[in-house]
Amino acid sequence: MSMPTSSAAPVKVLVVDDSILMQKLMTQIIDSAPGFKVIGVAGSAEEGWDAIQELRPDVVTLDLELPGRHGLKLLARVLKQDPLPVLIVSAFGGPGADNTIQALELGAIDFIEKPDGTTHTLEGFMKHLVAALQRAAASRKMIAAARQMAQIAAPARPKELARAGKTSLIAIGASTGGVPAVQTVMRDLAHLRLPIVVVQHMPPGYTAKFAARLATATGLDVREAVDGDRLRPGMAVVAPGGLRHLEIEERRGELVCVLKEGPLVSGHSPSVDVMFHSVARSLGSHAVGILLTGMGRDGADGLLAMRKAGAETLIQSGETCVVNGMPKAAFEMGAADRVVPLSQIGAAVGQLIGERPNLRSA
């Protein structure tokens, strides 16, 4: 990841939060991080908008619970005008989780939870804030292109293929920038009525909300995965955030979700790599793997395992990624059969399914 050096101009950050204490805390943390500088603070949506116009920051941190609950309105207004990296700093879980998911759907680059004095400590907040800012800084050059590509109309969906029912599973992995990307891909795959499994890096308290919003957007039966769930056509599961990995096993002709506790893999739990490896073992050539935008390399090894097992593998093209980390790592390993713009992934999968009539039913 390329970061600002001491000789380079610092990344300019605007902090938008109605808590003076949080303004001071975040300013102290950000100014202490090499390569970053807070250039202003704002306590309301109106002040935030004015500060963005006047100060032209490189990155904005945004609390959604602003006076009048106007954080989402400010986000939508900013992203409509300018492809600016916006980092959501939110209260953990609860009622705020749905707003956070909506913010990510709108185009916020990432989010972190505010410290609550218990499980979310100040030390953890400092670490996660700096890491999220680094992701935002790394993505600045790509966001304009990604959002421009997102405005291009998606191709017409192919007619439902008669052979589609012979495909066992579509497996999707994503991280930073993945919430709208996963939604786009699943919406474009929904007509195929295939079982779908998703690992999107998120902490506990958010994945159930994410699944519910995917269900609304796609019309599929989308739920947070439960150990023992049996996948059916038209059903999708999202790996629950936390310290368990999601694996897919075949048992007596059925595809079953298995949740297992274990150490971090590729820096994450749940890990895309763990899920992809399980799909490679259980389904071999009878699956499709899709790796979307994200920082790091989680999913690259697993996607390679899927390809070696005979599965079709696709990665999101770099110019349509918010962060081209995971797809790039997969490409460099030779894990991808195809590199596809986000808006074309659904059509590409439909074509692949049509080309492979020998896939078995789930």
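Visitor: Which residue follows α10, and near what value is its phi?
Guide: In this predicted model, helix α10 covers residues 326-333. The residue that comes after α10 has a positive phi. That residue is Gly-334, with phi near 80°.

Visitor: Which residues in helix α10 are buried, and within what arc do they fall?
Guide: The buried residues of α10 are Met-326, Pro-327, Ala-329 and Ala-330. Viewed along the helix axis, these residues line one face of α10, because they fall within an arc of 160°.

Visitor: Which residues are exposed on the other side of α10?
Guide: The buried residues of α10, Ala-329 and Ala-330 among them, pack against β6, α8, β12, α9 and β13. On the other side of the helix, the exposed residues are Phe-331 and Glu-332.

Visitor: At what angle do the axes of α8 and α9 cross?
Guide: Two packed helices are described by the angle between their axes and the distance between the axes. Helix α8 spans residues 272-283 and helix α9 spans residues 300-308, and their axes come within 7 Å. Angles under 35 degrees count as roughly parallel, and α8 is roughly parallel to α9. The crossing angle is roughly 10°.

Visitor: How many nonpolar, polar and charged residues does the contact of α8 with α9 have?
Guide: On the α8 side the contact involves Asp-273, Phe-276, His-277, Val-279 and Ala-280. These meet Ala-300, Asp-301, Gly-302, Leu-303, Ala-305 and Met-306 in α9. By class, the contact has seven nonpolar, two polar and two charged residues.

Visitor: Is Lys-114 buried or exposed?
Guide: Lys-114 sits in the loop between β5 and α5. Its side chain makes a polar contact of 3.1 Å with the side chain of Asp-17. The cut-off for a buried residue is under 20% relative accessible area. At 16%, Lys-114 is buried.

Visitor: Which residues does Ser-175 touch, not counting residues up to four places away in sequence?
Guide: Ser-175 belongs to the loop between β6 and α6, and at 9% relative accessibility it counts as buried. With residues up to four places away in sequence left out, Ser-175 touches Gln-200, His-201, Thr-293, Gly-294, Met-295 and Met-326.

Visitor: How far apart in space are Ser-175 and Arg-297, C-alpha to C-alpha?
Guide: In sequence, Ser-175 and Arg-297 are 122 residues apart. In space, their C-alpha to C-alpha separation is 9.9 Å.

Visitor: Which residues does a cis peptide bond join?
Guide: Most residues other than glycine have a negative phi, and most peptide bonds are trans. Here a peptide bond with omega of about 5° is cis. Pro-270, in the loop between β11 and α8, is one of its two residues. The cis bond joins Ser-269 and Pro-270.

Visitor: What is the phi of Ser-266?
Guide: Ser-266 is located in the loop between β11 and α8. At 35% relative accessibility, Ser-266 counts as partly exposed. Ser-266 is not a glycine, yet its phi is positive, at about 55°.

Visitor: Where does Arg-56 lie?
Guide: Arg-56 is a residue other than glycine with a positive phi, near 50°. Its relative accessibility is 38%, so Arg-56 counts as partly exposed. Arg-56 lies in the loop between α2 and β3.

Visitor: What percentage of the residues in the protein is buried?
Guide: The protein has eleven helices and 14 strands. Of its contacts with a separation of 6 or more, 74% are between residues 24 or more positions apart. Of the 362 residues, the buried share is 56%.

Conventions
Residues are numbered from 1 along each chain as its sequence is written. This is a predicted model: local features need pLDDT of at least 70, side-chain atom pairs count only at pLDDT 80 or more; totals for chains, interfaces and linings use all residues. Side-chain values use heavy atoms; hydrogens and water are left out. Axes are lines fitted to C-alpha atoms, for helices over the stretch in contact, and angles run from 0 to 180 degrees between N-to-C directions. Helices (H or I, at least four residues) and strands (E, at least two) are DSSP runs, numbered from the N terminus. Angles under 35 degrees count as roughly parallel, over 145 as roughly antiparallel, 65 to 115 as roughly perpendicular and the rest as oblique. Contact means heavy atoms within 4.5 Å. Ala, Val, Leu, Ile, Met, Phe, Trp, Tyr, Cys and Pro count as nonpolar, Asp, Glu, Lys and Arg as charged, and the others, Gly among them, as polar. Buried means under 20% relative accessible area, exposed over 50%, partly exposed in between (1.4 Å probe, protein chains only). A polar contact is a pair of N or O atoms within 3.5 Å; within protein, one must be able to donate a hydrogen and the other to accept it, and residues adjacent in sequence count only if both atoms are side-chain atoms. The arc is that of the directions from the helix axis to the C-beta atoms.
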